[in-house]
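Let's take a walk through this fold, helix by helix. Keep the viewer open so that you can follow each contact as it comes up.

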Amino acid sequence: MHNHDILIRLRYALDIKNKDMVEIFKLGEIEVTMEEVMQMLTKPKDDYYDDEYEEYDDMDEEEDGITCNNMMLESFLNGLIIFKRGRQEPKPGQPQSQAPAVKHKESVNNILLKKLKIALSLTSEDMIDILEEAGVMITKGELSAILRKVGHRNYKECGDRYARNFLKGLTLRYRG
């Protein structure tokens, strides 16, 4: 699943307005205009990418629109947390801003689930229920493995199936 697909599905599931999208990006410390947001939310004409040659870390402007790279998606998710829950004051000795969590294309779905859990104040049981609404059964142990840090011995990569169905379940819960 590509980052623009995640943005489109998330925007629809949570019924986020265009001006709120701009505000959420701003809270995530990325300045975008309404036009740039609209370009990110436009599916490319040719939605079939050759992943071997696609560079995910560059922000390319294409004739179809602006590519939402991993850094932009993570900034959006950070902004969504602030938008939904408010800004958290850093504790003494804690760095002002965190290093980007998305280091590999594979971890995007894991970060998506973690940050949505925080932004929407979901419990693990809520997440399991949301996935069940979308027709996917997952155990608490499997979910725990997906929510762990990369490098932890029980870490499990979250596939597109779980991420896609989680967004589908959010849509059913918040719009259904």
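Start with helix α1 (residues 3-14) and helix α8 (residues 160-175), whose axes come within 8 Å and cross at roughly 20 degrees. An axis here is a line fitted to C-alpha atoms, for helices over the stretch in contact, and angles run from 0 to 180 degrees between N-to-C directions. The two helices, α1 and α8, are therefore roughly parallel to each other; angles under 35 degrees get that label, while over 145 counts as roughly antiparallel, 65 to 115 as roughly perpendicular and the rest as oblique. The crossing of α1 past α8 is left-handed, meaning that the near helix is turned anticlockwise from the far one by less than a right angle, with clockwise giving right-handed.

On the α1 side the contact uses I6, R9, L10, Y12, A13 and L14, and on the α8 side R164, L167, L170, T171, Y174 and R175. Contact means heavy atoms within 4.5 Å. Sorted by class, the residues of this α1 and α8 contact come out as eight nonpolar, one polar and three charged. For the classes, Ala, Val, Leu, Ile, Met, Phe, Trp, Tyr, Cys and Pro count as nonpolar, Asp, Glu, Lys and Arg as charged, and the others, Gly among them, as polar.

A quick word on what you're looking at: this is a predicted model, where local features need pLDDT of at least 70 and side-chain atom pairs count only at pLDDT 80 or more, while totals for chains, interfaces and linings use all residues. Residues are numbered from 1 along each chain as its sequence is written, and side-chain values use heavy atoms, with hydrogens and water left out.

Now look at α1 against helix α5 (residues 108-119): the pair packs at an angle of about 25 degrees, with axes 12 Å apart. That makes α1 roughly parallel to α5 too, but this crossing is right-handed. N3, I6 and L10 of α1 touch V108, N109, L112 and L116 of α5.

From α5, move on to helix α4 (residues 70-85). The axes of α4 and α5 come within 9 Å and cross at roughly 10 degrees, so α4 and α5 are roughly parallel to each other. N70, L73, E74, L77, N78, L80, I81, K84 and R85 in α4 meet V108, I111, L112, K115, L116, I118 and A119 in α5. This α4 and α5 contact divides into 10 nonpolar, two polar and four charged residues.

Zoom out, and the chain comes to eight helices and zero strands; helices (H or I, at least four residues) and strands (E, at least two) are DSSP runs, numbered from the N terminus. Of the 176 residues, 42% count as buried, which is under 20% relative accessible area, with exposed over 50% and partly exposed in between (1.4 Å probe, protein chains only). Among contacts between residues at least 6 apart in sequence, 70% join residues at least 24 apart.

H2 sits in the segment before α1 and is buried, at 15% relative accessible area. H2 and T67 are 65 residues apart in sequence, yet 9.6 Å apart in space, C-alpha to C-alpha. Two cysteines are also buried: C68 at a relative accessible area of 5% and C158 at 1%. The structure holds zero disulfides, a disulfide being a pair of cysteine sulfur atoms within 2.5 Å.
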